[in-house]
Amino acid sequence: MNIGKLRHRITIQRQAKQPDSSDQPVDDFGQPIDDWIDVCIIWASIEALRGREYFTAQQTVAQSDHRVTVRYRPDIEPAMRLVYGQRVFDIQAVLDREGTRRWLELICKEVA
């Protein structure tokens with residue numbers, strides 16, 4: 001991997017764990033509000049893998065998968081998400097393909 005390809009500034013976020021209490025914030029429908037906490041801001045390479053549209057529950061759904069390459073970090077997990085500008089990506093898999101702990105490939109799904 002050429003370091004010059006890491007030209008996108010992204011934010012890695014994890015979901016805030018809220019204590020089980022009656023004062024937990026809820027939305028208008030009574031559902032718990034999802035809060036996300038910034039873990040780190042790092043440089044990355046973002047590459048589109050594929051995009052597709054499919055029909056489910058009488059709706060057309062667009063899905064696009066991306067490969068995001070970052071320097072190795074042991075604290076990145078599949079339950080996290082990344083933010084690039086106004087775009088949000090759910091991390092589906094975290095791969096250390098070479099096993100050298102030098103680069104991580106994050107397979108992500110863009111949230112529309």
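The chain has six strands and zero helices. Here, helices (H or I, at least four residues) and strands (E, at least two) are DSSP runs, numbered from the N terminus. Along the sequence, the elements follow the pattern β-β-β-β-β-β. The model is predicted: local features need pLDDT of at least 70, side-chain atom pairs count only at pLDDT 80 or more, and totals for chains, interfaces and linings use all residues. Residues are numbered from 1 along each chain as its sequence is written, and side-chain values use heavy atoms, with hydrogens and water left out.

Of the 112 residues in the chain, 29% count as buried (under 20% relative accessible area; exposed is over 50%, partly exposed in between; 1.4 Å probe, protein chains only). The accessible surface of the chain is about 7,900 Å², computed by the Shrake-Rupley method with a 1.4 Å probe; for residues, only the protein chains shown count as cover. Carbon and sulfur atoms hold 46% of that surface.

Thr11 lies in strand E1 (residues 8-15). Thr11 counts as buried because its relative accessibility is 17%. Beyond neighbours within four places in sequence, Thr11 touches Asp38, Cys40, Ile41, Arg81, Leu82 and Val83.

Ile107 belongs to strand E6 (residues 103-111). With neighbours within four places in sequence set aside, Ile107 contacts Leu49, His66, Arg67, Asp90, Ile91, Gln92, Ala93 and Leu95. The C-alpha atom of Ile107 is 8.9 Å from that of Pro78, and the two residues are 29 apart along the chain.

Note on methods. Contact = heavy atoms within 4.5 Å.
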